[in-house]
Amino acid sequence: MWESSGRIAHTPTPTYSPGRVQGNSNREVEAHTTQLDTCRDLEREVEQAPEPTLSIVFCPDNRAAKRELSLGGEPLLIGREAGKQGLNLADPRISRLHLRILSEARGHRLVDMNSSNGTYVNGQRVGSCWLRPGDVVRAGNSLFVFGLDDPMMNVRRRAARGAASDLTVLLEGETGTGKEVLARFIHETSARRGRFIAVNCATLPRDLIAAELFGHTRGAFSGAGEGRPGLFVSAAKGSLFLDEIGELPLDLQPALLRALQERAVRPVGSDSEVAVDARIIAATNVTLEQAVNQGRFRADLFARLAELPLHLPPLRERRREVLGLALTFARNAGRELDLSPDAAEGLLLWDWPYNVRELESLIRSFVATEEADKTLDAAYLNRSRPALVNHLADRKTTDSNVSTSGSGSGAIRLGATREQLRAALSEHSGNVSHVAKALGKPRAQIYRWLKSYGLDPESFR
């Protein structure tokens, strides 16, 4: 669960049945104690006060890109000539002394220093304002995200720590936030070497749910020509991911609860139980606690599932990740991503109602429909997703010829560093044609990067 501050709210430590523990071996009691300690350690870790930071998420100066600056008590000055204690950026649209961020009793205050091109916070030009977690700051063609913590980093840290235990994990979050990705991460981080099996409970036919999960004997029901072990048994020494667990019918929930408590299942049509050793990871896009209050989900099953509860925040609360995810999706689709400053700002400020899945869809569509040397710019967003750049309507865009151009002014290739281009030029003795072939890009694109990075191919001959 999440509080209004964005931090994970305190979750009561799960309790275990004393009768069950007393009847087990010392080794099992020890394992339960270790799991309880893990829960408490994770809770204490989250309660630590976060350090305010300013993340550089997009910048023409590749030396500064992706840096994270800690904002302590001293003012932070940003500009082309900000001095030894400041942040010096080789961004031609940033003033010599552009802005400063002050740490005060009330919080952190941003002050524009009469810069030529202005300072923007969440798309609006400001002279001075208080910064809030998640605010997007733009100075010239550089973009920053202010924050007190990284919500997904906290989730991943808790997931990695909890993966070593046998705690049942409950992943909650909106549709498209990446719950299955995190479930696979937990499985791969754990010591389990069995299979990772995923099943969507909402898609299972109601009359076959028990047979699918727990298995069945031959002739147990019409059409059961032969017996099947079921998913719990198939995931032995591995992990079973039960997606959309909130859709499990109420009358079938006791059987799942018993399987979790006894670590054994009874196949449909059988009189005996089969021991199982599968790590259970459940996920839901509804709040199970609310479903419990409404009588749609059993409280005892919720308590058993939520031994390690993890809430995945929506993408709108994870702005530091947006451009990195866009880069990853483009690479998965077979292309490096060239992105204009305005398009980058648009992606950062969009609320992403369908979360990571929506961002992936946009990037895959761009890669599939645009030429290989095309920059993802404000013109493309205006055609495909106008709402993403609505915040630019009240000021002049920095993209050149935004209505017709295929390339944005100041476009940056996410993931392509100056050093990588230098290495390619050195390897091919400054031959631009050979560099273009090696990088799988048109010569025109290589020349744009050369100009952006201030590199002369003649110096490599």
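Is phenylalanine 232 buried or exposed? At 1% relative accessibility, phenylalanine 232 counts as buried, where buried means under 20% relative accessible area, exposed over 50% and partly exposed in between (1.4 Å probe, protein chains only). The model is predicted, so to speak of local features takes pLDDT of at least 70 and side-chain atom pairs count only at pLDDT 80 or more, while totals for chains, interfaces and linings use all residues. Residues are numbered from 1 along each chain as its sequence is written, and side-chain values use heavy atoms, with hydrogens and water left out.

Aromatic pairs come next. Searching the whole structure turns up 3 of them; rings of Phe, Tyr and Trp (its six-membered ring) pair if their centres lie within 6.5 Å, and planes under 30 degrees apart count as stacked, over 60 as edge-to-face and the rest as tilted. One pair brings phenylalanine 232 together with phenylalanine 214: the ring centres are 5.5 Å apart and the planes sit at 45°, so this pair is tilted. Phenylalanine 214 belongs to helix 5 (residues 209–214) and phenylalanine 232 to helix 6 (residues 231–234), so the pair ties together parts 18 residues apart in sequence. Helices here (H or I, at least four residues) and strands (E, at least two) are DSSP runs, numbered from the N terminus. Phenylalanine 214 is buried too, with a relative accessible area of 8%.

Phenylalanine 366 and tyrosine 380 make another pair, with ring centres 5.0 Å apart and planes at 75°, so this one is edge-to-face. Phenylalanine 366 sits in helix 12 (residues 355–369) and tyrosine 380 in helix 13 (residues 378–384), so the pair ties together parts 14 residues apart in sequence. Both phenylalanine 366 and tyrosine 380 are buried.

A ring also turns up under a charge. Arginine 109 lies over the face of tryptophan 130, at 6.0 Å from the ring centre; the criterion is NZ of Lys or CZ of Arg within 6 Å of the ring centre and within 35 degrees of the ring normal.

Proline 267 lies in the loop between strand 15 (264–265) and strand 16 (274–275), and at 12% relative accessibility it counts as buried. Setting aside neighbours within four places in sequence, proline 267 is in contact (heavy atoms within 4.5 Å) with Phe214, Gly215, His216, Ser272 and Val274.

The side chain of arginine 228 meets that of glutamate 212 at 4.0 Å, N to O. This bridge links distant parts of the chain, with arginine 228 in the loop between helix 5 and helix 6 and glutamate 212 in helix 5, 16 residues apart. Arginine 228, at 47% relative accessibility, is partly exposed, and glutamate 212 is partly exposed at 25%.

Aspartate 300 bridges to arginine 298, with the closest N and O atoms 2.8 Å apart; aspartate 300 is partly exposed at 36%, as is arginine 298 at 29%. In the bridge between aspartate 377 and lysine 374, the closest N and O atoms are 3.6 Å apart. Here aspartate 377 is buried at 2%, and lysine 374 is buried at 11%. Finally, salt bridges link Asp166, Arg192, Lys237 and Asp277 in a network.
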